[in-house]
Amino acid sequence: MPLSRDVLWYKDAIIYQVHVRTFRDSNGDGIGDFQGLEEKLDYLQELGTNAIWLMPFFPSPLRDDGYDISDYNAVHSSYGTLEDFRKFLESAHERGIRVIIEMVLNHTSDQHPWFQESRSSQDNPRRDWYVWSDTDTRYKGARIIFLDTEKSNWAWDPVSKAFYWHRFFSHQPDLNYDNPAVREQMWNVMTFWLAMGVDGFRLDAVPYLVEREGTNCENLPETHEVLKELRRRLDEKFPGRMLLAEANQWPADLRPYFGDGDEFHMAFHFPLMPRMFMGLKLEDRKPITEILQQTPEIPPSCQWSLFLRNHDELTLEMVTDMERDYMYDSYAESKTMRLNLGIRRRLAPLLANDRRRMELMNGMLMSLPGTPIVYYGDEIGMGDNINLGDRNGVRTPMQWNGETNGGFSAAPPERLYAPLIQDPVYGYPAVNVLRQRSSEHSFLNWMERIITVRSSTAVFGRGSIEFLHPANHRILAYVRRLSNEAVLVVNNLSSTAQAVELDLRRYKGSIPIEMFGRNMFPRVGDLPYLLTLGPFQFYWFRLRRI
Amino acid sequence: MAEESFLTDDFLRQLINVGEVDILVGLPTHNNAKTIGSIVQTIQSGILSGFPRDRAVIINADGGSRDGTPDLVTGVSIDDLRPASKVEALRTLHAISTKYANSPSSVLALRTILAAAELLHAKACVVMSPESSNIEPGWISKLLSPIYREGFDLVTPTYSRHKFEGLLITNLLYPMSRALYGLRIREAYSPEFGFSGPLGTQFLGRNVWNDGTEGDGVELRFTLSAITGKYRICQSFLGEKKHVERRAADLVLALRQTVGALFSTLEPDFPVWSVVTASQPAPTTGGGQPSHLEPLRVNRKRLREMFSTGVSELESIFQSILSPDTLAELKRIAGMGEDEFYYPAELWVRTVYEFAASYQKSVISRDHIIQALAPLFRGRTFTFVTENRNASADEVENNIESLCLEFERLKPYLLQLWKSGE
């Protein structure tokens, strides 16, 4: 299947997020690699995904799961070689699957040769590639992001006897984007991968590129200038490639990252995700509709990126204190489940392994405006291991079958990069791809089905949204429209059966056709359209005018 | 033939949309447009600050307002609150309205609220008065928390009142209900109170809704049914009570709603109150009820004149109601001058008990019995005001307590009268 030539391909994408380390170990060393990932491309194709987002796979001391890069132009030896990556990329493209890779612009590892040179002397040509200071009192307005581990954004370097700036871990010094040489170098890095054929970058931690005194050092105009320059060069040399912003910000602060369609193609909608969980727990659409109403319009060529879970904690930075307390009490009673300002759990455990809740949440993910991202393993309802530190509990090996190591690796279990989930409910003998493949009504097959239905129309990826406002607040209903096509989505957020009357007068005469079963429902007339929905049930109706 | 529901289809549709709730606030209204907006905002603020995570609804039971009151209730937005009160809403806070009749009726209003509470499976409910001009957000929590968080079934309020306000409560309702039912509830008849879902359901199922006419004192019946049903009851101090300015209260109407309701419950409740020998304090939260002591002009001369005139003009009716000794004593004090006039507590208690027994026997029209009590109550009011003219708050409380003890001491007399009528 060839790749589509549409430069807006990301609008129709179903993105699968995976770390090469976690997916499949082809050489029996206990660590997933590109050959293993390539072996599993058929699985991803069958699932219906048409894009892969790879977490960092570059050489790294791995003190932050690869987000501490020590060489941008190579592959970490544990995962294979550059040649392995090229082969994987080619195979993915042959299957119509695009590949988005991580690009950590903001910082490097302190083991990166650039930093080693920079710290070596005040006169080193790369001294100014990082942000150095004689004091730790500059940029006091910047918050500390990793509250659980860091006390300051400055760290003392005993080698060069100065403080260096870091917004994340102290072993991740921030690059100095006021230095043109740094900007040039990072573009060179991107060019290296683009020339190889990668289809886009997920740019990590973009709000923090530039620092200015008297500000919170986030979302600064100078940062946007850097990003716009990268985009301009990308469009010139590699049209059709895509930039995805990781900017954990409120919608109004996120909007500038799209610029006038001249900065990012896509950005994660971080505030929506916790509110989907909140709405489900409250059995009330208010949190979801409220944040979407606060979400500004974006340029036509741009797209939101939606997700339920990812490799990080379920971030609660973009919620109020009251909402955060509610989320903790609802989803992370045990303090061990909490990390920084978030909850380090996977989708299935968060939803008490309730199939109906998992379906509803994925139904919303697939039908709200944006491009959905599925985190590896969530399509089979994988569990987590909160006994592993940091965010490693949601980064355990993929569970392929019920055999040794869950089919992930032939290595002795003690050599795996992380133990497999073994508990009776979520352990690999119970939850695995092979088992779910053989069961017609498994969650995996359901996920495949919903992705197929979603992909059957461009309306979900490209259409507008019009919220309906039924008096029943447990019902979240909206119409997605694209030219003559209209799809009515009705979600019951409640654990009990609900009746709802929808004002569909605008669609009078249309015949609702349920998109999963393709059954017709009564024609829309003048009266409110009455529907009943079971607990956590949802409908997608194509509104056909015949 | 199936009984027609008193709930309209439209109201039922609104209830379906609200669904199950934890908290329900009932708001009976009738032409309250001038004040209802701020009252609803206060209620919303009280819900959001006290119960931010809980499912809540405000149910407006309207008695045919012609000033747009229901629209004002449903039109108040939480967003209007935010800048001032900094409250935040996690979930949808509903406000729905229904018209139960074309004229106001506290009976029908409460029935509507109780029906909504049952259909929505409300765990804790509160009824708020649209007449309270100084309602505060904290009142919601004070009336609901004991139910929602401590397992009580009924929360009645206590207020800070002027020592000469609520004289019908202090001189009759409180002391008599306490003596008979054995629980010291200061405001057994209040337009504001909290109740549990089970208590509401129990009362909704009682046969008290037949005529739906004004004057039944349904709030008092509700309180007494909670006592007889052995529900857990407590009091919560709300602070000062102020009313929206309205025309002067009609004493006979007030007597019908309160004393009439109390007397009418005595017969069915006889098995309960006849065996009660002493009263117990009700658990109370939020402090006491200090009286206001600022000067207040009371037309004592008019009170005494109305008493004397009443005793004279209604003598033939009193002969049917009162014992010869009591009537003779009333006639004696009716002849006293203003300086000597004194309606002693014992005589007042005997008077009330004889009225209650006559009410049970229906010696004459029960409504006439209640009306006939009005001039006598005015005489008792004269004495209470005179006795407490210069009294401190504590002294007023002591005098009320003495009257209560008199009601308790003479309770055997009521039993004797009651049994003689059986």
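**View 1. Helices H10 and H16 of chain B.** The axes of H10 (residues 251-266) and H16 (residues 366-387) of chain B cross at roughly 115 degrees and come within 9 Å. Axes are lines fitted to C-alpha atoms, for helices over the stretch in contact; angles run from 0 to 180 degrees between N-to-C directions. Helices are DSSP runs (H or I, at least four residues), numbered from the N terminus. The model is predicted: local features need pLDDT of at least 70, side-chain atom pairs count only at pLDDT 80 or more, and totals for chains, interfaces and linings use all residues. Residues are numbered from 1 along each chain as its sequence is written, and chains are lettered from A in the order in which they are written. H10(B) contributes B:Leu251, B:Val252, B:Leu255, B:Arg256, B:Val259 and B:Gly260; H16(B) contributes B:Ile370, B:Gln371, B:Leu373 and B:Ala374. Contact requires C-beta atoms, placed from the backbone, within 7 Å.

**View 2. Helices H5 and H8 of chain B.** H5 (residues 106-119) and H8 (residues 197-204) of chain B pack at about 125 degrees, axes 9 Å apart. The crossing of H5(B) and H8(B) is left-handed (anticlockwise). B:Leu114, B:Ala115, B:Ala117 and B:Glu118 of H5(B) meet B:Gly197, B:Gly200, B:Thr201, B:Phe203 and B:Leu204 of H8(B).

**View 3. Domains 1 and 2 of chain A.** Domain 1 spans 9-106 + 176-455 and domain 2 spans 113-165, by an automatic or database domain assignment. Their C-alpha centres lie 29 Å apart. In contact are 12 residues of domain 1 of chain A and 13 of domain 2 of chain A.

Conventions
Two residues are in contact if their C-beta atoms, placed from the backbone, lie within 7 Å. Helices (H or I, at least four residues) and strands (E, at least two) are DSSP runs, numbered from the N terminus.
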